[in-house]
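Biologist: Hi! Could you walk me through some of the helices in this one?

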Number of protein chains: 2
Amino acid sequence: MLPRADLVVVGASEVLTCAESSATGSERIAGGSVAMADGRILAVGPRDEIGAVVDLAGAMVMDAAAGVVAPGFIDAHTHLVFGGSRAREYAARLTRSREEVVASGIPTGIMATVSMTRSEGVDALLDAAVERVGAMLAHGTTTVESKSGYGLDTPSELKLLEVNRLLDEAQPVDLVSTFMGAHDFPPELSREQYVDHVIDEMIPCVADAGLARFCDVFCDDGYYTVDQSRRILEAGIAAGLAPKIHADQYSDLGGADLAAELAMVSADHLNFTPIEGLQRMAEAGVTAVLMPLIDFAVQHPRPIRARDWVEAGLSIAIGTDLCPGGYAVSMPLAIQFACRWNGLSPDEALHAATAGSARACGLDDRGTLKAGALADLQVWDVPTLEDMVYRIGHNPVRTVIKRGKVVV
Amino acid sequence: MLPRADLVVVGASEVLTCAESSATGSERIAGGSVAMADGRILAVGPRDEIGAVVDLAGAMVMDAAAGVVAPGFIDAHTHLVFGGSRAREYAARLTRSREEVVASGIPTGIMATVSMTRSEGVDALLDAAVERVGAMLAHGTTTVESKSGYGLDTPSELKLLEVNRLLDEAQPVDLVSTFMGAHDFPPELSREQYVDHVIDEMIPCVADAGLARFCDVFCDDGYYTVDQSRRILEAGIAAGLAPKIHADQYSDLGGADLAAELAMVSADHLNFTPIEGLQRMAEAGVTAVLMPLIDFAVQHPRPIRARDWVEAGLSIAIGTDLCPGGYAVSMPLAIQFACRWNGLSPDEALHAATAGSARACGLDDRGTLKAGALADLQVWDVPTLEDMVYRIGHNPVRTVIKRGKVVV
C-alpha cells in the first residue's frame, strides 16, 4: 500500500528543493508537486512521479497557481525578545552622531534595552515577541533562532528564555532558543566577576531548566575577549549547550579562529575576518551566518563580501538579526540584500536561508523539501526565484504551510 | 451653515500634514482628525476644532486605531510602462560582469526593454502596468509620475503615453504623464537624426495629442549631451511640455546647470552634481528628485549625500524609479533608504515623498493635508513616523483613501 497524503501542492512554476545534493544548492523541479501527511513531506517531484509513490486519493489539493514553491525560511540569528523600543534612537542617529544623541538624553545601545527589558514582565515581552514572529511568518519564516541577552542577570536571562519557550507554544513558527548572557556586561559587576557569574551560575541554571540549545558570546573589541569567550563557550559545551559566536563584527580579535578551534555550529557577522579565518572555519565545518540587514541598519563600514565566503568553501546561513538596533523581520529582503549587496547568486542565497540556516541551527529535519522532512514550505506570487530577488522590497509570500498546516 | 463632511478619520496617534509652513516640513497634530467631502479635505486638526468648523453629522467615521495619518505618497519618478522582464539580467549581473552577461546571450539594458516593448500591444502593456500601480497603491502611493522612453520611435512612444492615459482611467492612482523619447538612441537613426526626429516629429505629436505634461531627457555621458538636452527641452517648452531632466547620474556634464538655466520643474539622480550645481538649482527653484532604490539596484558607486541637498537649500522629492533595471514599487522602502542611506531625517523624507514630490510633478492640489487639498491620505499601523522609518522593509500601510474613497 502506498502512503496516503493529506495535502498536496500542485501547479508550481518551479519547486526549489534546496536539496544538499544539487551542485548549485538549489535543485529546481519545473512544475513540481509536494505531497505531505501528518506534518511531514512524503514526496517531491513531477506530479506523475508523485502519483506513483503516494496515494493522493482524498488529499486536499492546493494550487500554487504558477507560483514558486520553496522551503520555509529559517531565520538563523535574531534577538527578537526585548522590552521597549529604540525607534527614537534610530531616528535620531540618522542625522546626528552617537555622542550628540547620548547628550540629548535619549537612552542608547544594548544597555538601554537591558534596562527596558528587565522592567517588563513575561506577558508584555511575550505579546511583543508574538507580534514580531507573526510578521516573520507572513514573510515566509517557519523556524527562527532567538537569543536571550538583554537581561544580563540570572532571573532576567531566565525570563527571556522562558519567553522563548512560551513563544514556541503560542504560535506556529518553531523557536530555537539560544542563551546569550554574554551579550554585554551589566553595570553591577566587574567584567571578570560577570564572566564567572555566567559560567558558575547562569549556564548551570539554563541547562538544568532545559531552556536553551545553544550558548552564544559577543566576541569583539569592547565586548568579550577570545579567552573570555572560550571559557564561557567551553562551560556551555560541558553543560550541553552547543557553541555559537558573534565574531569579528567590528574588529579582528580572532573570533573566527576560536569558532574553528571549538568546531562551533555557527559564527555570525564576520565583517573583519581575514580570508585565512574563513578558510579555517570552512575546514572545521562552522557555518557562517550572513546578516545584511543589520549591516544596513548600522551603516556598517565593511559590508560582507560573500564571494569570499563562497570561495573559502563555507557553509552559509542567513539571518535577519532582528534586534532593537536594527528592526527587520523579512527574510525575502535579507535575501535580496544578500544577492545585490553581498554578491550571492539567487540559488546560493535561497540555499543559505533554508538548508544553510537549518545547519546553523543544528536542525536536520527541515530546510530542504525531501521525503521525511518537516512539511514547512511556502508558495510565492512570482514565477521564478530570480523574480523574487529582482523585486526589491517585495514580499512574495502568498501561502505558508507549517508542519503540514496552512498558516498564512 | 457649516460644510458637511462625508468621511472623517479619527483616533490617529498623529496626523502628519506635511504643511509647507512648518519649519521641519512635517507638522504633527497629536490625536488629529481629517474631515473630507466630495474628494476634498474640509479640515485637519484636533477633533474638537474640526467639529467647530465642519458638520460631522451623518459622516462616515473611520478609526485610525492609534496609527499615523499621512498624505498619500507621490512617486515623483518612474518608468513603469514597459514590456518584457529583465529579472534574468538582474540575477545574472549579481555575480557576473556586464560583459560576461552580454556574452552569455542575455539581452541587457534599455535597448533590451525597447525591443520587448515595441513588440507588445497596448493591452499587454496596460495589464502589466495596472499590476505595478496596484502594488504601489498598496504601499501608499496615490499619485505616480510615469515616463515613456522604451519606444524610441513615434508610434511606440505614443503607444506608451496612450497606456499612461488608459492607466489613469483604469485604477484609482492618478498618473502624471511624461514624454521621454530622449531616453536612449534607437539603432535605426544617427544620434543627430534622432534628436531632430524627437524635436520635429515626436514633440508636436505628443503635444497635439495632449498625452504628456512633461518632457524629460537622459543627459549623461553616453546619452544626451547638454546641447542636445537643451534643444529638446526648449522644443518641449515651446510646445507646452514642462522640462525635467535625468542629470549627472554617471558623470558631471553640466545637467544641473541646464536645469537651473531653464528653471526646470525637477532634476533627477544628481549623483555627480557638484555643490555649486546644487546651489544654482536651489536658486532657480528646481526640485531635486532622490531615488535611493535605483542606486541600490545598480550598486551605484556614488550614493547621494542628501545632507548636501538640504544644506544647498534644495526642495527635495522622492521617487522609486521603478524601471526594468531596478524593480521597486515601495515608497516606504524608498523613505527608509532616504533616511538610513542618504541621511535625511524622517520629517525631511516624508515631506519629500509628499509635498516635495507634488512640487516635482507640478501639482499644487495634493501632498499636504489641508483644507481644499485632494483627500489623498493613508493610515499606518505604527504609532509614529520614526517607527515607520525604523522598521526596515516594513510596509506600514493599513488603509489608503484616494479622492475621499477608501481604496485599500
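**Helix packing and a kink**

Modeller: Happy to! In this predicted model, helix α13 (residues 331-340) of chain A packs with helix α14 (residues 346-360) of chain A at an angle of about 140 degrees, and their axes are 9 Å apart.

Biologist: What does that angle make α13(A) to α14(A)?

Modeller: Oblique, because over 145 degrees is needed to count as roughly antiparallel. The crossing of α13(A) past α14(A) is right-handed.

Biologist: Which residues make the contact?

Modeller: From α13(A) you have A:M331, A:I335, A:A338 and A:C339, and from α14(A) there are A:P346, A:A349 and A:A353. By class, seven residues there are nonpolar, with no polar and no charged ones.

Biologist: Nice. Switching to chain B, where is the kink in α14(B) centred?

Modeller: On B:A352, where helix α14 (residues 346-360) of chain B has a kink of about 45 degrees.

Biologist: And how many residues of α14(B) are buried?

Modeller: 13 of its 15, so α14(B) is mostly covered, with buried meaning under 20% relative accessible area. Just after that helix, B:G362 has a positive phi of about 65 degrees.

Biologist: Back to chain A: at what angle do α6 and α7 pack?

Modeller: About 35 degrees, for helix α6 (residues 154-170) and helix α7 (residues 191-209) of chain A, with axes 10 Å apart. α6(A) also passes α7(A) in a right-handed crossing.

Biologist: Which residues meet there?

Modeller: A:T154, A:E157, A:L158 and A:L161 of α6(A) meet A:H197, A:E201, A:M202, A:C205 and A:V206 of α7(A). That contact has five nonpolar, two polar and two charged residues.

Conventions: Residues are numbered from 1 along each chain as its sequence is written. Chains are lettered from A and ligands numbered from 1 in the order in which they are written. This is a predicted model: local features need pLDDT of at least 70, side-chain atom pairs count only at pLDDT 80 or more; totals for chains, interfaces and linings use all residues. Side-chain values use heavy atoms; hydrogens and water are left out. Axes are lines fitted to C-alpha atoms, for helices over the stretch in contact, and angles run from 0 to 180 degrees between N-to-C directions. Helices (H or I, at least four residues) and strands (E, at least two) are DSSP runs, numbered from the N terminus. Angles under 35 degrees count as roughly parallel, over 145 as roughly antiparallel, 65 to 115 as roughly perpendicular and the rest as oblique. A crossing is left-handed if the near helix is turned anticlockwise from the far one by less than a right angle, and right-handed if clockwise. Contact means heavy atoms within 4.5 Å. Ala, Val, Leu, Ile, Met, Phe, Trp, Tyr, Cys and Pro count as nonpolar, Asp, Glu, Lys and Arg as charged, and the others, Gly among them, as polar. The bend at a residue is the angle between axes fitted to the seven residues ending there and the seven starting there. Buried means under 20% relative accessible area, exposed over 50%, partly exposed in between (1.4 Å probe, protein chains only).
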